[in-house]
Amino acid sequence: RILPISTRGGASHQRLTLSLDKAAVVQLDTDARDVLVSNPDMVDAVVRTPRRIFLLATKVGQTNAFFFDAEGRQILSLDIRVERDVVDLGSLMKASLPNSAITVQAMNDNVILTGSVNSALESTRAADLAARFAGDAKKVVNMLSVAGGGQVMLKVRIAEMNRNVAKQFGVDLTAAGNVG
């Protein structure tokens, strides 16, 4: 992924989201001499040329990077958020639950499921898949709604009994009325 950034007209400030263990290329229109990353354990910056800098995401979290020119002036500030790449999980959800509309997002090392499913069973299946992906069920936020709500189907039978038949079986209908 190449991120072209124009620094003409002063220092630029932008936000960037990187997937864990992936890289982005910052392509500048002016020369940068120094790059400072506030948390180099999270994002590593490699200056290949004065106008092309590679950012490598190594740990989930948030950090920022500052780019300076030869005179020490700041030319760019990047707020960087590193998240898990959930594209494959989203594809798996679509393949496994084709009649559902599930959106998968990552935030602070958590997996968030939103959208709608046809049943509570599908919601549970989606949460189980996400838990396996995240490595821990506590890292899954299930915000799925069940379409149609919870419906219960009851089968009711109404039986009539003739008084003469009840007497033949020994049922005392007047005693049942007194108790009830």
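These legends accompany close-up views of a predicted model.

**View 1. The chain as a whole.** Welcome to the overview: the chain has 4 helices and 11 strands. Of its 180 residues, 29% count as buried.

**View 2. The largest nonpolar core.** Here you can find 21 residues gathered in the largest nonpolar core, where V26, L28, L55, F67 and L78 have the most contacts. Strands β1, β2, β3, β6, β7 and β8 each supply at least two residues, and β8 gives the largest share, 5 residues. Take a look around L28: leaving aside neighbours within four places in sequence, its contacts include I5, I53, F67 and I75. A second, separate core of 16 residues includes L113, A130, A131 and L144.

**View 3. A salt bridge between two strands, D79 with R15.** The closest N and O atoms of D79 and R15 are 3.5 Å apart. D79 lies in β8 and R15 in β2, so this pair ties together parts 64 residues apart in sequence. D79 is partly exposed at 23% relative accessible area, whereas R15 is exposed at 70%.

**View 4. Salt bridges involving loops.** D85 pairs with K22, their closest N and O atoms 2.8 Å apart. D109 is in the loop between β9 and β10, while R84 is in the loop between β8 and α1.

Methods
Residues are numbered from 1 along each chain as its sequence is written. This is a predicted model: local features need pLDDT of at least 70, side-chain atom pairs count only at pLDDT 80 or more; totals for chains, interfaces and linings use all residues. Side-chain values use heavy atoms; hydrogens and water are left out. A nonpolar core is a set of buried Ala, Val, Leu, Ile, Met, Phe, Trp, Tyr and Cys residues joined through side-chain atoms within 4.5 Å. Buried means under 20% relative accessible area, exposed over 50%, partly exposed in between (1.4 Å probe, protein chains only). Contact means heavy atoms within 4.5 Å. A salt bridge is a side-chain nitrogen of Lys or Arg within 4 Å of a carboxyl oxygen of Asp or Glu.
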